[in-house]
Each structure stands twice: as structure tokens, then as C-alpha cells.
Amino acid sequence: MSTSAAWETASAVIVSLGGGGLIVAFLSAWLGKVWAKRLMTAETARHARDLEALRSTLVDGNNRSSHLFKEKIALYKEAGGPLIDLMTEMQSTGSVSRETQISFEKSRLSSTALLAMFAPAEVFDSYNGIVDYMFDCFEGKDQFQFPVFREKALRMLSQMRQDVGLYTDEVTYRGTR
């Protein structure tokens, strides 16, 4: 066998092994890309499901908080209305009619039950402090004084504001009346 034939055979072996290696390398790269794409698609879909579940949980929590906020505001409006009516009559006439007392008592019982169920103890106690003061004035145990009523009412309003998360500071009267 001549040298050129040996070189020819050696080149043929090297080329055939190199060509096969090139084909294997190409197929391996292609198959790797296919698997990577499938894995990424599955991972992306899982992340999208997780993100949607989290988004749904956050939306539900936000809706629940918003509904609770609106309900508390409505409750506090409902509880405050009869107190304002009663105080207005007491301040303007110096007394309260029997009809107004009965109407107030009906509203007070409903408001007390609702506040006991849905308001924090501080709001409930402040509300009852105002009611007790008003009853003491009805019964002649105390003389109605608007500044005393205002102080009790502002304390209750401050606690209501804290409960609904509007503000944490205390509301105070800075006037001279």
C-alpha cells in the first residue's frame, strides 16, 4: 500500500467520523432546543396559573376589604344619626320630648347590637359613653353641656376613623365655643 493510499484511507476515516460527529452535534443541539422550548412552555404556563391564582386572591381580598369598609361607614352613619337628632333637640329646646326619647331608644338598641357585632370595643365603649351621658341628662342626673357631648363625640369619631383606617390621629376641637 502506497503512502497516498494510506493518506486517502486515513482522510476518508477522519471525514466520515467528523461528518458523523457534525450530524450528531447538530441533532443534539436541535433536540436540546426542542426540549428546552417544551420545558419553558410548561414552566411559563405554571407561572401564569400561579400568577392568576395570586391575582384572584388579591382581587377577592381587595373586594372583601372594600365591602367591609363601606359597611362600616354605613354602620357608623346609622349609629350617629339618632345621636345627632337627639342632641340637636336637647340643645335647641333644653329638653327632649317623650316621642323623641322612644324613637332614640329604638334606634339605640339596633345600633348597639350592630356596633357590638361589627365595631371594635373602643368604638362600642365610646358610643355607650355618649348614650349614658344623654340618659343621665334625660333623667336629671346631669346637666346637658354641649362641650361635654362634643368631647365624647369626637373621641368616638376618632376611634371610628382609626377602625376604618382613615387616620390614626385624634380629632380635637380647637375652637372657643
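**Exercise 1. Describe the lining of the largest pocket by residue class and by element.**

Solution. The lining of the largest pocket divides into nine nonpolar residues, two polar and one charged. The model is predicted. Gly counts as polar and Lys as charged. Next, assign elements: α1 (3-93) and α4 (146-164) each give two or more residues to this lining. The largest contribution, six residues, is from α1. The pocket holds about 150 Å³ of space.

**Exercise 2. Find which side of helix α2 is buried.**

Solution. Start with the extent: α2 covers residues 98-118 and reaches 30 Å from its first C-alpha to its last. Then list its buried residues: T100, Q101, F104, R108, S111, T112 and L115. These lie on the same side of α2, because they cover an arc of only 115° around the axis. The face turned away from that buried side carries the exposed residues E99, K106 and M117.

**Exercise 3. Contrast the salt bridges R46 with D50 and K72 with D163.**

Solution. Take R46 and D50: their closest N and O atoms are 3.4 Å apart. Both are in helix α1, four residues apart, so about one helical turn separates them. R46 is partly exposed at 35% relative accessible area, and D50 is partly exposed at 41%.

Now take K72 and D163, with 2.8 Å from N to O. This pair links distant parts of the chain, helix α1 and helix α4, 91 residues apart. K72 is buried at 12%, whereas D163 is partly exposed at 24%.

Note on methods. Residues numbered from 1 in each chain as written. Predicted model: local features only at pLDDT ≥ 70, side-chain atom pairs only at ≥ 80, totals over all residues. Heavy atoms only, no water. Expected span 1.5 Å × (residues − 1). Buried < 20%, exposed > 50% of the residue type's maximum accessible area, 1.4 Å probe, protein only. Arc of directions from axis to C-beta. 1 Å grid on protein atoms, 1.4 Å probe; cavity = no way out; pocket = protein on both sides within 12 Å on 5 of 7 lines; lining within 4 Å. Points joined across faces, edges and corners; volume = space filled by probe spheres on them. Salt bridge = Lys/Arg side-chain N within 4 Å of Asp/Glu carboxyl O.
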